[in-house]
Amino acid sequence: METTMTPGAGKILDVKDVTVSFAGFKALDDLNFSMEQGELRFVIGPNGAGKTTFLDCVTGKSRPQHGTVTFDNQINVLRTTEHRLAQLGIARKFQTPTVFGSLTVYENLETAAGFDDGIIRLFSSLSVDDKQKIQAMLELVGLQDRANVRAGTLAHGEKQWLEIGMLLVQEPKLLLLDEPVAGMTRRERNRTGELLQKIAKRCSIVVVEHDMDFVRNFATTVSVLHMGHLLCQGPVLQVQNDPRVIEVYLGRGRNSEKIAA
Ligand code: ADP
Ligand code: MG
């Protein structure tokens, strides 16, 4: 079942006035964030800005003290379990790749495609449809020549692409990626950027990212988080020249030079 996104079909994600406190410290402080169906949105911000906490709120892992989170125009995220949100189409990739090292690339995708309401079907019971889906996914993530290689022996970048493929075969509506290019070579980063642009045609994507070169090369719209709220948002060129953004990044090492470049 191929789902092609139609931009303009409403909001895939709408976060309003969300506050998350840890013992009085506000990790998110009246955060407002929304994006349309089919958008590829980059979220940047210094360490501790609240990026991961924001993703936690969207997946149901963290429950804000205040505010609302609406997924796909109508689903009240704060009243839905993490497991149910995953079934409804929210997929999240953490920074460290979590693939099954002793299974082949193909078997990893097979296992992911077999997930159905939380129950893993036997490999042999995969339908022809699923098999075609796995083949298409291998090609999309560029691992068709690595299908029979054990995932544990893949390069770091290849593992990340495999994990993205494992999420995509479940046909999510919203894909959340936390620093997907960390630890990648330049070539791997470029391939990842191209992959993200390709998969943005089939689902909405939030990319939390630190690498400013990567953001500059592949982002269109960027949202900047700072101290738990939205500092500014807009086209990448505009955002990187915004004095508030430059100030936030100043004195923070490599990122400050990169964003001001
Ligand atoms: P980012 O991903 O942007 O680096 P985080 O969302 O991880 O930021 O964290 C935002 C702030 O909230 C940080 O100051 C962090 O120390 C704090 N924080 C995050 N999770 C917890 C927690 N479980 N308990 C206490 N403080 C937390
Ligand atoms: Mg983080």
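Which element gives the largest share of the shell around ligand 1? The answer is helix H1, which contributes three residues. This report describes a predicted model.

## The shell around ligand 1

The residues surrounding ligand 1 are Phe22, Phe25, Ala27, Pro46, Asn47, Gly48, Ala49, Gly50, Lys51, Thr52 and Thr53. Sorted by class, this shell holds five nonpolar residues, five polar residues and one charged residue.

A backbone N or O atom of Gly50 is 3.0 Å from an oxygen atom of ligand 1. For Lys51, a backbone N or O atom is 2.8 Å from an oxygen atom of the ligand. Thr53 makes its contact through the side chain: one of its polar side-chain atoms lies 2.5 Å from an oxygen atom of ligand 1. Taken alone, ligand 1 exposes 560 Å², and the protein buries 57% of that area. Strand S2 (25–36) and helix H1 are the elements that give two or more residues to the shell.

## Helix H1

Helix H1 covers residues 51–59. Eight of its nine residues are buried, so the helix is largely enclosed by the rest of the structure. The buried residues of H1 are Lys51, Thr53, Phe54, Leu55, Asp56, Cys57, Val58 and Thr59.

After H1 comes Gly60, which has a positive phi, near 85 degrees.

## Strand S10: cover on both faces

Is strand S10 mostly covered or mostly open? Strand S10 spans residues 204–208 and is mostly covered, with five of its five residues buried. In a regular strand, side chains alternate between the two faces of the sheet. In S10, one side carries Ser204, Val206 and Val208, while the other carries Ile205 and Val207. Both faces are covered, as the residues on each side are all buried.

## Strand S10: its partners

Strand S3 (residues 40–44) pairs with S10 in the parallel sense, over four bridges. In this pairing, Phe42 stands opposite Val207 in S10. Strand S9 (residues 174–178) also runs parallel to S10, and five bridges join the two. Here Leu177 is the residue opposite Val207.

S9 and S10 also belong to a β-α-β unit with helix H6 (residues 186–199), and this unit is right-handed.

Technical notes:
Residues are numbered from 1 along each chain as its sequence is written. Chains are lettered from A and ligands numbered from 1 in the order in which they are written. This is a predicted model: local features need pLDDT of at least 70, side-chain atom pairs count only at pLDDT 80 or more; totals for chains, interfaces and linings use all residues. Side-chain values use heavy atoms; hydrogens and water are left out. Buried means under 20% relative accessible area, exposed over 50%, partly exposed in between (1.4 Å probe, protein chains only). Two strands pair if DSSP finds at least two bridges between them. A crossover is right-handed if, with the strands pointing away from the viewer, the path from the first strand over the helix to the second runs clockwise. A residue is near a molecule or strand if one of its heavy atoms lies within 4 Å of it. A polar contact is a pair of N or O atoms within 3.5 Å; within protein, one must be able to donate a hydrogen and the other to accept it, and residues adjacent in sequence count only if both atoms are side-chain atoms. Accessible areas come from the Shrake-Rupley method with a 1.4 Å probe; for residues, only the protein chains shown count as cover. Ala, Val, Leu, Ile, Met, Phe, Trp, Tyr, Cys and Pro count as nonpolar, Asp, Glu, Lys and Arg as charged, and the others, Gly among them, as polar.
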